[in-house]
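User: I would like to learn how to read the features of this model. Where do we begin?

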Amino acid sequence: MKNFVSGDFKMRNLIVDDFKLSPHFTFFELTKTANSGFLNQNRAEALKYLKPLKHLATDILEPIRAKFKKPIIITSGFRCYGLNKSLGSSNTSQHLKGEAADFFIKGIAHNKVVKFLVEDLGFNFGQLILETEDNSSWIHISLGTPFRDKEKCRQVIKINKKTFYEDNKRQNFTDTK
Ligand SMILES: [Zn+2]
């Protein structure tokens, strides 16, 4: 028990210096969170997922940046279990394995970016989701094979979070009856 506590203490207080995952994307960008209570833990755990995070930065984010010649704003990349849960996200989310990123490009319509990823880049992504919640929207993209089953790759989906949650609630309501 003593070991567990000291291990846990170290984990939470681990200070990680930022470093580049690819020429234009850093470890801090892909592990940030507005929930400061999870920040250190999130970065400490993300160190186990450097391989997928580097793929995300190199194979997906860099080509998008090169195409549109504008900075990409990452809103969420890797999420540790607690952070992911606090956001109401699924426990099978690829964010938990450093295999997904949410982002937008200022001044570029999401549809343009989605079209590029599907048609021009031809990248074998896992899921490409245009997510809308209240007045904000962003693009979720995840890694395809070998990180995700081939038959579940290249899915393009639109989600309105409000509708999604309402549907879930309805489902739960029905289940408990
Ligand atoms: Zn996402």
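Analyst: Start with burial. A residue is buried if 20 or more other C-beta atoms lie within 10 Å of its own, exposed if 12 or fewer, and partly exposed in between; C-beta atoms are placed from the backbone. Helices (H or I, at least four residues) and strands (E, at least two) are DSSP runs, numbered from the N terminus. This is a predicted model: local features need pLDDT of at least 70, side-chain atom pairs count only at pLDDT 80 or more, and totals for chains, interfaces and linings use all residues. Residues are numbered from 1 along each chain as its sequence is written.

User: Which residues of α3 are buried?

Analyst: Pro 52, Leu 53, Leu 56, Ala 57, Ile 60, Leu 61 and Ile 64.

User: Where is the kink in α3?

Analyst: The bend at a residue is the angle between axes fitted to the seven residues ending there and the seven starting there. In α3 a kink of about 35° lies at Leu 61, shortly before the proline Pro 63. After α3 comes Lys 69, with a positive phi near 50°.

User: What is the strand order in the sheet?

Analyst: Strands of a sheet pair through backbone hydrogen bonds, either parallel or antiparallel. Here two strands pair if DSSP finds at least two bridges between them. The order is β3-β4-β6-β5-β7, an open sheet of 5 strands with mixed pairing. β3 (73-76) and β7 (155-160) are at the edges with a single partner strand each, so one side of each has no neighbour in the sheet.

User: How many bridges join β5 to β6, and how many join β5 to β7?

Analyst: β5 and β6 run antiparallel, joined by 7 bridges. Leu 130 has Ile 139 in β6 as its bridge partner. In their hairpin, 2 residues sit between the strands, and Asp 134 takes a positive phi near 50°. β5 and β7 run parallel, with 6 bridges. Gln 127 stands opposite Gln 155 in β7.

User: Is Lys 97 buried or partly exposed?

Analyst: Lys 97 has 19 other C-beta atoms within 10 Å, so Lys 97 is partly exposed. Lys 97 is in the loop between α4 (81-86) and β4. Contact means C-beta atoms, placed from the backbone, within 7 Å. Leaving aside neighbours within four places in sequence, Lys 97 is in contact with Tyr 49 and Pro 52.

Technical notes: Contact = placed C-beta atoms within 7 Å.
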